[in-house]
Amino acid sequence: MYEAVDAELSRRGVLAVGAASMAVSVAPAVGSARPAPELQPSTAHVAFEVNGERQALELDTRTTLLDALREHLHLTGSKKGCDHGQCGACTVIVDGRRINSCLTLAVMHEGSRVTTIEGLGSPGRLNPMQAAFVKHDGYQCGYCTPGQICSAVAVLDEIRAGIPSHVSADLNAPSATTSDELRERMSGNICRCGAYSNIIKAMSEVAEASGTPA
Amino acid sequence: MKFDQPATTNPIDQLKVIGYPHDRIDGPLKTTGHAPYAYERHDIVADPAYGFILGSAIAKGRIASIDTGAALAAPGVLKVVTWKEAGPLAKSKNHTAHLLAGPEVEHYDQAVAIVVADSFENARAAAKLVRIDYQREPGRFDLSQQVGRAPPKGASSGEGSGSEPVDRVGDFEAAYASAPVKIDRSYSTPDQSHSMMEPHATLAVWNGDRLTVWTSNQMIAWAVRDLSETLKIPKENVRVVSTYVGGGFGAKLWIRSDAVMAALAARAAGRPVKVALTRPQIMNNTTHRPATVQRIRLGAGHDGKITAIAHESWSGDLPGGKPETSVSQTKLLYAGANRLTADYLATLDLPEGNAMRAPGEAPGLMALEVAMDEMAEALGQDPIAFRILNDTQVDPEKPGRAFSHRNLIGCLELGADRFGWSRRNPRPGQVRAGRWLVGMGVAAGFRNNLLMKSAARVEVTRDGRVVVSTDMTDIGTGSYTIIAQTAAEMLGVPMETVTVNLGDSSFPASSGSGGQWGGNNSTAGVYAACQKMRDEVAQKLGSNSADIHFEGGQVQMGDRRIPLAEAAGGMSVEDAIEYGDLGKTYQQSTFAGHFVEVGVDAFTGEVRVRRMLAVCAAGRILNPKSARSQVIGAMTMGVGAALMEDAVVDKRIGYFVNHDLAEYHVPVHADIPHQEVIFLDETDPISSPMKAKGVGELGLCGVGAAVSNAVYNATGVRVRDYPITLDKLIERLPEVA
């Protein structure tokens, strides 16, 4: 909707510069009171595995993976910070790779294996990364935290797998868990509370304990 | 409990629990995704309707007509609420603009309608079908056009330092005219966005004429008051719950359109409705930190003593709004007999300006502390020595009024030592490390310590658990943890024995979270309630408070030891901390020395922060781990303010163009190096029984200037127009190979 509104305004705004008063009409594509047939939402069946459990859902095809998790499966650990793939709060691990779950439709994940923050550990049984975040205070308000932790776990896997990053000096050599590498790879996860320095400490400790090359 | 005399020795001084870097007690919930935020209350309402807010497409004018027919006929739509359906609404005195527009439109993206549907997807799609004809009027969107003409205007937002419109001491003009060394500089700071990670969100549920909102709010009692005023319903009929808050930084001090529109929508639809603002709506629908233009004049003798100091600031807001009080700290930070400070307020038709973390001081120090750097250079003095020379232990405007405790000098000296300040080359543009020009900068940090009444209830259960309940919020600050520490210390029980319930207006009203007052005041309120519990237990046992001790889960009276569960099981008390006039008798403030090292790419002008250190003097530190996190987070925000944050105004249409996290840049991991924080070991018994003060905003105050001064030291280029982006540096960088 913003695209449509802004385009309308920009076009008229350019014409109207200097005008004392003008009428702006924000018109929908459909003018009649009756919805056009194409507006009827389509639904689809999708089945995937979330945290080891098979889930079968009948979903509006516009439903993102994030909203399927949060609104349909009530797994609200994955957060909606921007719904635009800009903040990383919705990061989950799908088939071993981290993704922004707000940028992908649920129906695209037939047969996928999804791991959310709830699948990594629980309050009584923290995963090592979750425990390290608590120990090093790698969070404040907690809203970006599940995404940070899912990303952090996946980043260490990426380094172990030898996947280079923008700051890797040698694309063919094994990567290392240096602070620069961690910061670069974590930069898709925004923390407005500014816990970055502590998050890197938490990740470094987990990397060291798990023998990821430093 | 009335606090009107400085604290003497009290149970907090035992420091058995207080002062330790406890992990946050809410950590396991937050790190596993089990802490429920406002939009996630499936436990409260299994099947809410979804609201989607439509914002105004114009900045100023009128709604000529609204046609909701197509939206209402769209799949899944239950209701559409506009000003016509909303019923009579008022504007609380804490809102400058109405939270629902109609027929007048006051700013771009002001809510004009909410569409309620059975799913988020249907509500969002139907919002596109609402047809609105606007009558657009010209607006005022350019602050620079009103600089020099806007009238003086004071402010006291209740969040931060109040400010008279114009303050004068001595004869500034004469002293400045005759000063042998002087500078006259102008600086500008842009509009900034809080950009907390959790968008504003509310779940609204009506039960008859009683409304409950699960929302994301910093100040529960204010939210109750403002919902009651806006909806014209009795306060007793409003309950507000914010168990977890995904950041606020001032954006959630007051309810926003999500709360009001959710309430209206739920009433119209006859069922619970939840609403979250979209990320792009946050910038134009809610509030922002207003841009400033600031002029600073400093005059000094050859000895470096300031004789004349003037700080004037221009900012803009909607009609009836308030200025960004950027001159507040300049009234108090440095000595000088002749002084002038003034805030001027332009009228702008941009979205509402309001408090963002350290309102006033954050942009004010970005100017003042650069001016101090420039003045030190003009005097040929070291910037730290220059600041120390002009330190004051009394309020410079009222010399009979002392600071309760002030050790800015200690912050600067210790920081200089730890940071290696002596290695700084005072001549700018001299230090190269490979392709990097390297420089160091310093700035003083300053922010007042504010005292607010705060209440709490403390219960001891029959099995000996201690339960603390207060409407205090934890917005990432660590409230849950320091409140548990306070109760554990006061009642002599281990942390694990304490349960803390926060963020519910059915609990006693606290100070809330804002203005870095939350930590000190809310724990002082818990102290008061615990002290009352101690008194009542003593009375019950036929003793007096002075003769009994609470330790190890037991109450000790002479040789007797009684388990707390036995002595106090089933007891519940409530009390509040209320302050006398110590906040007026003494100036209560917090202090920091901020040190930054940057590298500036000699070829591209790219600025990278290499090292950061903050040395803070803020009274007793209740939990060094969570306090340190507050400070490093604030330092991070300071880097953003210095180097990237800039809400760009489209001056034709009147809105912030870069209204999301891809276009409005905040620091990411790669921007922030390892950060060091040192707290001076001190207490301030004049502040509260906790002897603590605030740190959450102190950590931000001065950081931007320290970055700016470091960039200057690295390059010799002084950028007075924030943010310091490479385009402002590159033309003037030293010649390279």
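**Loop around H74(A).** In this predicted model, H74(A) is found in the loop between α2 and β4 (91–94) of chain A, where helices (DSSP runs of H or I, at least four residues) and strands (runs of E, at least two) are numbered from the N terminus. Although H74(A) is not a glycine, its phi is positive, at about 60°. With a relative accessible area of 37%, H74(A) is partly exposed, a class that lies between buried (under 20% relative accessible area) and exposed (over 50%), computed with a 1.4 Å probe on protein chains only. Residues are numbered from 1 along each chain as its sequence is written, while chains are lettered from A and ligands numbered from 1 in the order in which they are written. Local features need pLDDT of at least 70 and side-chain atom pairs count only at pLDDT 80 or more, whereas totals for chains, interfaces and linings use all residues, and side-chain values use heavy atoms, with hydrogens and water left out.

**Loop around F249(B).** F249(B) is found in the loop between β12 (238–241) and α6 (257–269) of chain B. Its phi is near 60°, a positive value in a residue other than glycine, and F249(B) is buried, with a relative accessible area of 12%.

**Cis peptide bonds of chain B.** The peptide bond from G102(B) to P103(B) is cis, with omega near -10°, and P103(B) has its place in the loop between β4 and β5 (104–105) of chain B. A cis bond also joins Y722(B) and P723(B), where omega is about -5°; P723(B) sits in the loop between α16 (703–715) and α17 (726–729) of that chain.

**Surroundings of helix α3 of chain B.** Six of the eight residues of this helix (residues 120–127) are buried, so it is largely enclosed by the rest of the structure. The buried residues are F120(B), E121(B), N122(B), A123(B), A126(B) and A127(B). In chain A, they pack against β3 (53–60) and α2 (65–72), and in chain B against β2 (49–55), α2 (69–72), β4 (77–82) and β6 (111–117).

Y586(B) lies in the loop between α14 (582–585) and β28 (589–601) of chain B, and at 26% relative accessibility it counts as partly exposed. Leaving aside neighbours within four places in sequence, Y586(B) is in contact (heavy atoms within 4.5 Å) with R401(B), A402(B), F403(B), S404(B) and I686(B).

**Interface between chain A and chain B.** The contact takes 90 residues from chain B and 78 residues from chain A. Together the two chains bury about 6800 Å², 57% of it on carbon and sulfur atoms, where buried area is the accessible area (1.4 Å probe) that two parts lose on being put together, summed over both. T31(B), M197(B) and H669(B) supply 13% of the area that chain B buries against chain A, more than any other three residues.

**The chains behind the close-ups.** Chain B has 17 helices and 32 strands, and 67% of its 737 residues count as buried. Chain A has seven helices and six strands, with buried residues making up 56% of its 214 residues. Among contacts between residues at least 6 apart in sequence, 81% in chain B join residues at least 24 apart, and in chain A the corresponding share is 53%.
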